[in-house]
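I opened my notebook with the structure on the screen. I wanted to look up ring pairs, charges over rings, ligand surroundings and a few single residues.

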Amino acid sequence: MSTTAKTFAQKALERASGVNDLKPGDIADVAPDIYMSHTASWRCIAAFEKLDGAVLKHPERVAMVMDHISPARTSLVASQHRRSRQFAEARGIDKFFDVQEGICHLALMENGCVRPGDVIIGTDSHSTIYGALGALGTGVGFSEITAAWALGTIWMMTPESIKISLEGRLPLGVYPKDIMLKLIGDLTADGATYKSIEFHGGLTRDLSVSERMTLCNLSMEMGCKNAYVPPDEKTFEFCRAAGVENPENSALYPDEDATYSETVNLDVSTLEPQIACPHVVDNVKPISDVAGLKLDQVFVGSCANAKYDDLVEVASILKGRKISPTVRMMVTPGSRGILKRATEEGLLSILIDAGALITNPGCGGCAGDGGAMGDGEVTLSTANRNFRGRMGSYESDIYLSSPATAAASALTGSITDPREVLK
Ligand SMILES: CC(C)[C@@](O)(CC(=O)O)C(=O)O
Ligand code: SF4
């Protein structure tokens, strides 16, 4: 029996590997609960079909989502989707989410594929988002997914953990996105490389599951292995609504005296809206430094901030108003469920009346699929990355903000502090 106190990551990897007493740096063969691959699933399939006589060890653990380029815009992509569809059909993969379902991470969580305490690997770095449900999610390469299909396991090194305690109350106009941009700016883009980030503190407990998704999603931009918010009744309710039975039974919690490589305390009470400036996510400034910068496009989308409550924030600012004629605004709801709810609750009419373009759920502009910028153009985006050329021209600029800042800025056509509209 173990006597040392453990972090969440230690406990999750111990459970998934059956190895006791994993310490940071220890490598174990882990059996993930889900292996997710997105639009590029065909790459895993191509590699898998080269493995002589390989069979899927656990077809029920395979999840595929056609989200990054969806619906297909070229016959090449259509053929790749088709290959994935046919493979799923032939191999008995029932967690196949086609082009209508939206962004892989949101589709998985909304469809009951993620339980607290699970270990989930995905061909996407933002798989850290599953920590919002108390799971250990991490991004891997295509060939690692292929190997997991065949073997049911993957080796993982047990990470050290960083404890981030969030306290205080968010001021009006300041959101979890601003917290994360502030943390990424302070800790830098490699501040958490291969570490597990655990969020604690009174504010973390106050946040909704959707807001916790923003925390765990953006944590990737500090290079983390995974992120985690301790599951509570809000988590369990979300999971139950998604179809998970008894989600509380699999929840894992760190021991109180677990060892952390670093502890960060942030009181958000005086935090201002933050902006990540081109072309790296840790180039973060308070909004007052960049307010007034002229925009060509505003993009509300991505797994970071195109959830239902993000659209509510945007609609509450745009209601009864018109966006500036000098900008185009594109809103890409994160998932089919979010699009449906936004439709039912009348949010889409508000956005359309204000002058926004609504696109189908999926990665869309965040993955450079639609909404491209020309040379010299500037987009303010609610996504999680602002790398050069990600949304079109190499000579264009992407700034990142909260949905509220994006909405306030769409009204004026330049970067605008949402507190000016909300006051
Ligand atoms: C494929 C790409 C656009 C990606 O989804 C990849 C990733 O996160 O691993 C991203 O957000 O950068
Ligand atoms: S929405 Fe953007 S960040 Fe999220 S998985 Fe898709 S491309 Fe990557």
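My entries follow, one topic at a time.

**Entry 1: the model.** I noted before anything else that this is a predicted model.

**Entry 2: aromatic pairs.** I looked up how a ring pair is described. A pair of aromatic rings is given by the distance of the centres and the angle of the planes. How many aromatic pairs are there? I found a count of four. One of them is formed by Phe8 and Tyr228. Their ring centres are 3.9 Å apart, with 10° between the planes. The pair is stacked, because planes under 30 degrees apart count as stacked.

I then asked where Phe8 and Tyr228 lie. Phe8 is in helix α1, residues 8-17. Tyr228 is in strand β10, residues 226-228. Are Phe8 and Tyr228 buried or exposed? I found both of them buried.

**Entry 3: a second pair.** Next I took Phe48 and Phe87. Their ring centres are 5.8 Å apart and their planes stand at 90°, so I wrote down edge-to-face. For that label the planes must be over 60 degrees apart. Phe48 belongs to helix α2, residues 41-48, and Phe87 to helix α3, residues 75-90. The pair therefore ties together parts that are 39 residues apart in sequence. Both Phe48 and Phe87 are buried. I also saw that Trp149 forms one aromatic cluster with Phe48 and Phe87.

**Entry 4: charges over rings.** Which ring does the charged end of Arg341 sit over? I found the ring of Tyr308, with the charged end 3.7 Å from its centre. The charged end of Arg388 sits over the ring of Tyr394, 4.8 Å from the centre.

**Entry 5: ligand 1.** I listed what surrounds ligand 1: His68, Asp124, Ser125, His126, Ala367, Arg385 and Arg390. I sorted this shell into one nonpolar, three polar and three charged residues. Then I looked up distances from oxygen atoms of the ligand. An oxygen atom of ligand 1 is 2.6 Å from an N or O atom in the side chain of Ser125. For the side chain of Arg385, I also noted 2.6 Å from a ligand oxygen atom to an N or O atom. For the side chain of Arg390, that entry reads 2.8 Å. How much of ligand 1 does the protein cover? On its own, ligand 1 has 320 Å² of accessible area, and the protein covers 70% of it.

**Entry 6: ligand 2.** The residues around ligand 2 are His68, Ile103, His105, Asp124, His126, Ser302, Cys303, Cys363, Cys366, Ala367, Asn384 and Arg390. I counted five nonpolar, five polar and two charged residues in this shell.

**Entry 7: Arg212.** Arg212 lies in helix α8, residues 209-219. Why does Arg212 count as buried? Its relative accessibility is 0%, and buried means under 20%. The side chain of Arg212 joins that of Asp232 in a polar contact of 2.7 Å.

**Entry 8: Lys225.** I found Lys225 in the loop between α8 and β10. Lys225 counts as buried because its relative accessibility is 14%. Last, I looked up Lys225 and Gly368, which are 143 residues apart along the chain. Their C-alpha atoms are separated by 25 Å.

How values were computed: Residues are numbered from 1 along each chain as its sequence is written. Chains are lettered from A and ligands numbered from 1 in the order in which they are written. This is a predicted model: local features need pLDDT of at least 70, side-chain atom pairs count only at pLDDT 80 or more; totals for chains, interfaces and linings use all residues. Side-chain values use heavy atoms; hydrogens and water are left out. Rings of Phe, Tyr and Trp (its six-membered ring) pair if their centres lie within 6.5 Å; planes under 30 degrees apart count as stacked, over 60 as edge-to-face and the rest as tilted. Helices (H or I, at least four residues) and strands (E, at least two) are DSSP runs, numbered from the N terminus. Buried means under 20% relative accessible area, exposed over 50%, partly exposed in between (1.4 Å probe, protein chains only). A charge sits over a ring if NZ of Lys or CZ of Arg is within 6 Å of the ring centre and within 35 degrees of the ring normal. A residue is near a molecule or strand if one of its heavy atoms lies within 4 Å of it. A polar contact is a pair of N or O atoms within 3.5 Å; within protein, one must be able to donate a hydrogen and the other to accept it, and residues adjacent in sequence count only if both atoms are side-chain atoms. Accessible areas come from the Shrake-Rupley method with a 1.4 Å probe; for residues, only the protein chains shown count as cover. Ala, Val, Leu, Ile, Met, Phe, Trp, Tyr, Cys and Pro count as nonpolar, Asp, Glu, Lys and Arg as charged, and the others, Gly among them, as polar.
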